[in-house]
Amino acid sequence: MKRIGVLTSGGDAPGMNAAVRAVVRAAIHYGCEVFGIERGYQGMIDGAIRPMDARSVSGIINRGGTILHTARCMEFMQPEGRMKAAAQLKRFGIEGIVVVGGDGSYHGAAKLHEEHGIRCIGLPGTIDNDIGGTEYTIGFDTAINIAMEAIDRVRDTAASHDRIFFVEVMGRHSGYIAMICGIASGAEEILTPEDPTDIDSLIDSLRQGHQRGKTSSIVVVAEGDDAGDALQIAKQVAEKSEFKDARVTVIGHLQRGGSPTAFDRVLASRMGVRAVEALLEGETGKMVGIQDLQLTLRPLSDAWECRSQFDPSLLRVARILAV
Ligand code: ADP
Ligand code: F6P
């Protein structure tokens, strides 16, 4: 393989730049030419493809976002879109690609391989940490640290005013971020899509906390919680209880930006090198993951078939410590 393409796709995540840098420099190290594909699959269809050299990825390991930009591309969901994309790759002589994204992006890569023989390796890039086949995704560590710092700040004002705060963190389908930053910030309650939320029990638990001497409480809510978002849950609590003066903070996209942590930079660097090596070994339809601190290479389909869930014992830890 002489020419490799790299793209970032789906929601951006801190550390994607470190992954792009690693892919570009590893490809050069192994004597390949490497091309950056802009705006995910949209740029592939449009032919927004440019040669990259070692200097084009200088000074990006510490930057959030993605210099290649990212997109969600409906056209690529159709066979005709993928046909156009494959034709562009062939025009540039690109035989294999590294896709940094979530399981949606992997579905696209798997189809591109099945239908057009383009070799592909996936790197898990999403803050949600909800991809099967890996214990950590690139961006998760940064996101939980940002959310934790934000909750620490909210705690200061909550404690000063003896208030309840509902803090919403990202995770449309996953409560992983909520669970980890909730434990890390000592939240009184953590509401996730994985664990059904009952408003009456939540009120009960907040009351009990107050009876035990708590004067303020933090409720961390994953945006995809079954009882609604943080604002909706705060309204339901206010309607049914004496807790009418609660405040709501939505951390939102702040969690997706900013300089990646050392953990995410190193994870992305290791994974990027491994992805290039895998392509050169003739692998395709695989994702690089990490398990027990060792890199793994598993089928792309593990991303959606072995969907990652947080360890249920974390909920027990959170409850025991929120006394
Ligand atoms: P993520 O990769 O973070 O899960 P998305 O689910 O939005 O993000 O997927 C990113 C892009 O991958 C989509 O916009 C689309 O172009 C492509 N994609 C997703 N699912 C499929 C699919 N089933 N078939 C083909 N392409 C897909
Ligand atoms: O990157 C994953 C994620 O952060 C989800 O947790 C969230 O629901 C979604 O992206 C929001 O992305 P966007 O605002 O780009 O649609």
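A residue counts as near a molecule or strand when one of its heavy atoms lies within 4 Å of it.

## About the model

This is a predicted model, in which local features need pLDDT of at least 70 and side-chain atom pairs count only at pLDDT 80 or more, while totals for chains, interfaces and linings use all residues. Residues are numbered from 1 along each chain as its sequence is written, chains are lettered from A and ligands numbered from 1 in the order in which they are written, and side-chain values use heavy atoms, with hydrogens and water left out.

## Ligand 2

Let's start with the residues around ligand 2: Arg72, Ile127, Asp128, Met170, Gly171, Arg172, Glu223, His253 and Arg256. Several polar contacts (pairs of N or O atoms within 3.5 Å) can be listed here. An oxygen atom of the ligand is 2.6 Å from a side-chain N or O atom of Glu223, and an oxygen atom is 3.0 Å from one in the side chain of Arg72. Gly171 takes part through its backbone, with an N or O atom 3.1 Å from an oxygen atom of ligand 2.
On its own, ligand 2 has 400 Å² of accessible area, and the protein covers 81% of it (Shrake-Rupley method, 1.4 Å probe).

## Ligand 1

Ligand 1 is surrounded by 16 residues, the closest being Arg72, Cys73, Gly102, Gly104 and Ser105. A polar backbone atom of Cys73 is 2.7 Å from a ligand oxygen atom, and for a backbone N or O atom of Gly104 the distance is 3.0 Å. The protein covers 81% of the 550 Å² of accessible area that ligand 1 has on its own.

## Helix α4

Ser105 also belongs to the buried residues of α4, together with Tyr106, Gly108, Ala109, Ala110, Leu112 and His116; buried means under 20% relative accessible area with a 1.4 Å probe, protein chains only. Their cover includes α2 (40-46), α3 (79-91), β4 (96-101), β5 (119-124), β10 (286-291) and α10 (302-305).

Helices here are DSSP runs of H or I with at least four residues, and strands are E runs of at least two, numbered from the N terminus. Just after α4, Gly117 takes a positive phi of about 70 degrees.

## Arg163

Is Arg163 buried or exposed? Arg163 is buried, because its relative accessible area is 16%. Arg163 sits in the loop between α5 (140-161) and β6 (164-169). Leaving out residues up to four places away in sequence, Arg163 touches Ala158, Thr215, Ser216, Ser217, Asp245 and Arg247, where contact means heavy atoms within 4.5 Å.

Note on methods: Buried means under 20% relative accessible area, exposed over 50%, partly exposed in between (1.4 Å probe, protein chains only). A polar contact is a pair of N or O atoms within 3.5 Å; within protein, one must be able to donate a hydrogen and the other to accept it, and residues adjacent in sequence count only if both atoms are side-chain atoms.
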